[in-house]
Amino acid sequence: VEMETDVYGLDGYRLTRVPRGSPGARLKILLPDMERPRTFYFAETAKRKSVVFATTVERPVGIVFGESSEGRVVITQVDKGTDAYRKSQVAKLGEGDRFSAPEVGDRVRACSSINFFYSQASLFGVKPPARTVVLFGTEGKSFDEFCSALSKSQVSDGDLTLVLERDKEEESSR
């Protein structure tokens with residue numbers, strides 16, 4: 001099977017190769033520790049037509065996450081007065097891209113998190129491991145695994161990047 005070049009799937013913290021022609025979304029995402037945007041692949045999962053999109057929100061994010069009956073991570077609340085809420089209100093007014101802000105009911109496909117990379121020098125105690133901002137893919141992961149990944153990052157790590165999935169039917173019924 002031929003694999004796509006420079007397109008990566010996510011399995012938790014692990015990057016995976018993507019077979020050419022796989023149906024799904026491909027999003028270019030730039031994280032703070034990347035020199036250039038990287039293309040990430042998200043397989044189709046919804047039974048209905050949906051849109052997968054990336055958004056970045058300032059910390060504190062003011063978003064409450066929960067678990068759907070299907071075991072997926074979803075947004076259950078967006079607190080007033082936060083960057084996420086402001087972006088959501090602008091999108092609802094039709095003044096912004098409807099798929100640019102988190103909303104209640106969105107499914108979380110990935111979130112930025114922190115991972116530690118150990119060089120040979122860090123293994124021998126010469127220098128500490130490198131703290132690096134990465135994407136954590138939620139597909140097939142438990143709610144607890146998602147919460148653990150989310151809790152690793154801090155305000156000093158910069159804004160939170162979320163990859164969200166929203167049904168097109170919900171978007172068009174507004």
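Two strands pair if DSSP finds at least two bridges between them. I needed that before looking at tyrosine 8, which stands opposite arginine 17 in S2.

**Entry 1: confidence.** I noted that this is a predicted model. The protein averages a pLDDT of 90. I also saw that 94% of the residues score at least 70. Over residues 170-174, pLDDT stays under 50. The model has five contacts there beyond four places in sequence. Where pLDDT is low, predicted coordinates should not be read in detail. I left that stretch alone.

**Entry 2: strand S1.** Which strands pair with S1? I found S2 (residues 14-19) beside S1 (residues 3-11), antiparallel, with five bridges. The two form a hairpin with two residues between them. Glycine 12 sits in that turn and has a positive phi of about 65 degrees. I then found that S1 also pairs with S4 (residues 38-43), in the parallel sense over two bridges. Back to tyrosine 8: it stands opposite arginine 17 in S2, and also opposite phenylalanine 40 in S4.

**Entry 3: helix H1.** Which residues of H1 are buried? I looked through residues 83-92 and wrote down Asp83, Ala84, Ser88 and Ala91. Why do they lie on the same side of H1? They cover an arc of only 135 degrees around the axis, which puts them on the same side. I recalled the general rule: an α-helix has 3.6 residues a turn, so residues three or four places apart point the same way. Next I checked what covers these buried residues. The cover includes strands S5 (50-57), S6 (63-67) and S7 (73-78). Just after H1, I spotted glycine 94 with a positive phi of about 80 degrees.

**Entry 4: the cores.** I turned to the largest nonpolar core, which has 21 residues. Which members touch the most others? I listed Ile63, Phe65, Ile75, Val108, Phe146 and Leu162. S5, S6, S7, strand S8 (107-117), helix H3 (143-151) and strand S10 (160-167) each supply at least two residues of this core. The largest share, four residues, comes from H3. I then picked isoleucine 63. Leaving aside neighbours within four places in sequence, isoleucine 63 is in contact with Ile75, Gln77, Ala84, Pro102 and Leu162. Ala84 was already in my notes as a buried residue of H1. One general point to keep: in soluble globular proteins, nonpolar side chains tend to be buried together.

Notes
Residues are numbered from 1 along each chain as its sequence is written. Side-chain values use heavy atoms; hydrogens and water are left out. Buried means under 20% relative accessible area, exposed over 50%, partly exposed in between (1.4 Å probe, protein chains only). The arc is that of the directions from the helix axis to the C-beta atoms. Contact means heavy atoms within 4.5 Å. pLDDT is the predictor's confidence in each residue, from 0 to 100. A nonpolar core is a set of buried Ala, Val, Leu, Ile, Met, Phe, Trp, Tyr and Cys residues joined through side-chain atoms within 4.5 Å.
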